[in-house]
Amino acid sequence: MINCFIPFLSLSQTGQAVRALRQCGRVKNIYLLATEKGTDEVEGCEILMIDSPASTATIRTIALHADTAYTLLYTKYTAFGLGQFAFERLSAIAGDTNAGMLYADRYQVKDGNCRPAPVIDYQRGSLRDDFDFGSLLFFRSSVLKQAVRAMDADYRFAGLYDLRLRVSELSELVHVNEYLYTEAEPDTRKSGEKLFDYVDPKNRAVQVEMEAVCTAYLKRVGGYLAPDFEPVAFDAGAFGQEASVIIPVRNRIRTIEDAIRSVLAQKTTFRFNLIIVDNHSTDGTSEAIEKYTSDARVIHLMPERSDLGIGGCWNMGVHHPACGKFAVQLDSDDMYSGPDTLQKIVDAFYEQNCAMVVGTYRMTDFNLNEIPPGIIDHREWTPENGRNNALRINGLGAPRAFYTPVLREINLPNTSYGEDYAVGLRISRTWRIGRIYDVLYLCRRWEDNSDAALDIVKMNAHNTYKDRLRTWELQARIALNAQSSR
């Protein structure tokens, strides 16, 4: 038997789901989770008052009423419908696998259209608090209760995240790759418009709680790293330049000259150059770059290989003999915010003794007008806990800069997504990542961004890859801690 818990605003929102659940012979009780008193009674349901849908108190209330073999939690304030024999299927797979939690693919109704919305397999490194399980979570009640008994902190926003991590420590989270329900999806924004929700300053209180939950989890599983970093001597090798800006580019005729000019306008107390790795552009980008090669600081490279992604182009630039002691990122869409960006970055390496520096950027449209969420400073990259929180967040910030000998040792994966995140995780395992909270960078969002409008298959592939990176890094950190404790 199953007890079902549904967030409740109104009968119109829950009516369809309640009717479907009543028709299922496996459902014992339907509980509506309401945040406002005076909520109208709904026939066949019991109303439970809660403070917040994802709080620890709410999770404890659910566990208190979980007196059946399985517990269903729906996580959205939108309508949903069950597929044919959905609960029978979930119960059967739960029995076969002894899973602690199951989640399934679903259909989403957007703008009146019903589309498949598959999710991805859970990995050990699937530590993002916004991991997409869909909206229907199916728990083995005994595991749910055991996880809740272990919860030793109270959160307003991160209770459900805490529950998920604790359940994953007790048993497997199983992805049922079958379409078992349909949900309404009111968020019709494109992928690029959703990308920065988690770093929106208005969500800072949420992020603080999520970081606390993830850090506690890492301590429990042996993946936590204390803020003890290997020092950087900055004396490896001889460099003709103190810094090199590296721009990988393919077919950015509309933006590449803005990027180049923002580099050449830098005012520094040291020598620097610009290495542009032109990955076989066909739209006039190559010719635009050539206009600037009369400046001895501009090096225009074109790979002989045809199999390089962004990471591979970065490796080509970093290993070039003209690359400076510090390699500084600039995407071909973007610009530095002022002539002092390079100076501030190089100063930060020495002042903070770090192998990598992450700056702060302003989101703009193509014409450089600020757009929401505005300034993004990635304050989760703290010296005290940034290396741990890096396993939860989904990006590093910009601009990114590296001590070249370290980057030549590690190298970037030859991909065009997640390559910077992969190397940032690896660096943070050993060395400090420095931070600059001044706006150094203008990040343009426009229709030609590589992540502007990804379909769900591509988004899932990206998220699977980043979860794999986190899994590998978590395994390495656990092994490192085990070795040091011997």
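This report describes helices, strands, nonpolar cores and salt bridges in a predicted model.

Residues are numbered from 1 along each chain as its sequence is written, and side-chain values use heavy atoms, with hydrogens and water left out. Because the model is predicted, local features need pLDDT of at least 70 and side-chain atom pairs count only at pLDDT 80 or more, while totals for chains, interfaces and linings use all residues.

Helices (H or I, at least four residues) and strands (E, at least two) are DSSP runs, numbered from the N terminus. Burial is given by relative accessible area: under 20% is buried, over 50% is exposed, and partly exposed lies in between (1.4 Å probe, protein chains only). Strand β15 covers residues 356–364, and eight of its nine residues are buried, so the strand is largely enclosed by the rest of the structure.

Two strands count as paired if DSSP finds at least two bridges between them. β15 is joined to strand β18 (residues 433–444) by eight bridges, and these two strands run parallel. In that pairing, T360 stands opposite V439. Strand β17 (residues 400–403) runs antiparallel to β15, with three bridges between them, and M356 faces F402 of β17. Strand β16 (residues 370–376) also pairs with β15 over three bridges, in the antiparallel sense. There, E370 is the bridge partner of T364. β15 and β16 form a hairpin with five residues between them, and L368 in the turn has a positive phi of about 70°.

**Helix α13 and L407**

L407 belongs to helix α13 (residues 404–410). Its relative accessibility is 1%, so L407 counts as buried. Contact here means heavy atoms within 4.5 Å. Not counting residues up to four places away in sequence, L407 touches W314, V318, F402, L412 and V423. F402 is also the residue of β17 that stands opposite M356. The C-alpha atoms of L407 and E185 are separated by 42 Å, and the two residues are 222 residues apart along the chain.

The buried residues of α1 are Q13, T14, G15, A17, V18 and L21. They pack against β1 (2–7), β2 (27–34), β4 (70–74), β5 (80–82) and α3 (86–97).

Helix α8 (residues 256–264) is mostly covered, with eight of its nine residues buried. Among them are I256, A259, I260 and V263. The elements covering the buried residues of α8 include β10 (243–249), β11 (272–278), α9 (285–290) and β18.

**Nonpolar cores**

A nonpolar core is a set of buried Ala, Val, Leu, Ile, Met, Phe, Trp, Tyr and Cys residues joined through side-chain atoms within 4.5 Å. The largest core has 111 residues, of which V245, F349 and I427 touch the most other members. Helix α7 (residues 204–221) supplies the largest share of this core, six residues. A second, separate core of 33 residues includes C24, V42, L90 and L102. Leaving aside neighbours within four places in sequence, V245 is in contact with V263, N273, L274, I275, V328, L330, Y336 and L342. V263 is one of the buried residues of α8.

**Salt bridges**

A salt bridge is a side-chain nitrogen of Lys or Arg within 4 Å of a carboxyl oxygen of Asp or Glu. The whole structure holds 29 salt bridges. The table lists some of them.

| Pair | N to O distance |
|---|---|
| D162 and R166 | 2.9 Å |
| R261 and D258 | 2.8 Å |
| R362 and E370 | 3.0 Å |

D162 and R166 both lie in helix α5 (residues 159–170), four residues apart, about one turn of the helix. Both D162 and R166 are buried. R261 and D258 are both in helix α8, three residues apart, again about one turn. An α-helix has 3.6 residues a turn, so residues three or four places apart point the same way.

R261 has a relative accessibility of 42% and therefore counts as partly exposed. R362 is also partly exposed, with a relative accessible area of 24%. Salt bridges that share partners join E257, D258, R261, K291 and R444 into one network.
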